[in-house]
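Trainee: I am new to this structure and would like to go through it slowly. Could we look at it together, one question at a time?

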Amino acid sequence: MKPKKILAVLSATLLPFFLFFIIIISSVAGGEGENRSHNEMENSNVSKEVLAYTSVISQYAQKYNVAEYVPLIQAVMMQESGGRGNDPMQSSEGSFNKKFDHKPNAITDPIYSIECGIQELKSCLEQAKVKGTYDIENIYLALQGYNFGNGYIKWAVENYGGYSQANAQMFSEKMRAKLGWSRYGDVNYVPHVMRYYTVDSLDDEANQGEIVKGKGSPKGEMIAKMALTKLGCPYLWGASGPNKFDCSGLVYWAHYQCGVKFERTDTKHLARMGKAVQKDNLSIGDIILFSNNNKLSGVHHVGIYIGGGKMVHAPETGKPVQTKTIKSGYYADQYYCARRLY
């Protein structure tokens, strides 16, 4: 047989086997890629070191009945250590550490640190009476308690009804003076943790699911989430919380809780505050103003953008805090401008 004919026969015989082999390899590689992407989507804002502990975190979260808070635990670990070191949850000084000295970084077993840290966070969630992963307002209280310890949660509830960055600063100053330290804790611990616990990390539980994926900064998302904790609260003209609101009062309250401070004011003043935002560049947490004559003089209502063409707002007497589309209908027609106050 001539060489060309031999080559043709071999090609015809071996080609199907070669193609089959390529398909099998591609399928395996593709499957691994899909799994890798899925795991990263669970909480893409934390480091690879934190993600490496996901199975351990899940194991102990299940053991202590806080499995739904795995993304929150990851966010806490990210803030505490980035997943590095032998005490990744910084649990050494906590009350659940029974094996090592109660000094910073005394724990030398990362797994034990995670177990202690999860128990500590669970205790804070219980003290703050967190109702679920959607209960952002009380999660903030629990997080600051995780950082401060020493009775912050009880103190904040008894004196101020819950967490705010302002009372976190006050508590820090009180404890600093009492102990004679140069500083006490992290007064910005909540926003620091919430950088890593974003919309993509959350479940579709209760009002939490109202936030739609889209453009947004950590601060803007905090503001929107805070406002959403007040869904169902009654409208009362002139009220700015904590359980009754008018439209500008809800905007004021949500921003104040997230450390964005300004004087309580009306919608016309809000329409001139902060930075102007184009409608096609709206970001979660921006405020949206509505006018009945497309002029500042006609501005009469305000809401907070939550993504997906929707806002959360306090509408009017007889209607509680709720979400509403701004893509069509009355609020689409009345749309005037948007501002960013942070």
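Trainee: At what angle do helix 3 and helix 4 pack, and how are they oriented to each other?

Mentor: This is a predicted model, in which local features need pLDDT of at least 70 and side-chain atom pairs count only at pLDDT 80 or more, while totals for chains, interfaces and linings use all residues. Residues are numbered from 1 along each chain as its sequence is written, and side-chain values use heavy atoms, with hydrogens and water left out. Helix 3 (residues 54–63) and helix 4 (residues 70–80) have axes 10 Å apart and pack at an angle of about 125°. Angles under 35 degrees count as roughly parallel, over 145 as roughly antiparallel, 65 to 115 as roughly perpendicular and the rest as oblique, so helix 3 and helix 4 are oblique to each other.

Trainee: How many residues of helix 10 are buried?

Mentor: A residue is buried under 20% relative accessible area, exposed over 50% and partly exposed in between, with a 1.4 Å probe and protein chains only. The buried residues of helix 10 pack against several elements, including helix 6 (136–148) and strand 3 (299–307). Helix 10 (residues 218–228) is mostly covered, and the buried count among its 11 residues is nine.

Trainee: Is Y305 buried or exposed, and which backbone nitrogen does its side chain reach?

Mentor: Y305 lies in strand 3 and, not counting residues up to four places away in sequence, touches A224 and S283 among others. Because its relative accessible area is 11%, Y305 is buried. Its side chain reaches, at 3.0 Å, the backbone nitrogen of G309.

Trainee: With which side chain does the side chain of Q334 make a polar contact?

Mentor: Q334 has its place in helix 13 (residues 330–334) and is buried, with a relative accessible area of 14%. A polar contact is a pair of N or O atoms within 3.5 Å; within protein, one must be able to donate a hydrogen and the other to accept it, and residues adjacent in sequence count only if both atoms are side-chain atoms. At 2.7 Å, the side chain of Q334 makes such a contact with the side chain of H300.

Technical notes. Helices (H or I, at least four residues) and strands (E, at least two) are DSSP runs, numbered from the N terminus. Contact means heavy atoms within 4.5 Å. Axes are lines fitted to C-alpha atoms, for helices over the stretch in contact, and angles run from 0 to 180 degrees between N-to-C directions.
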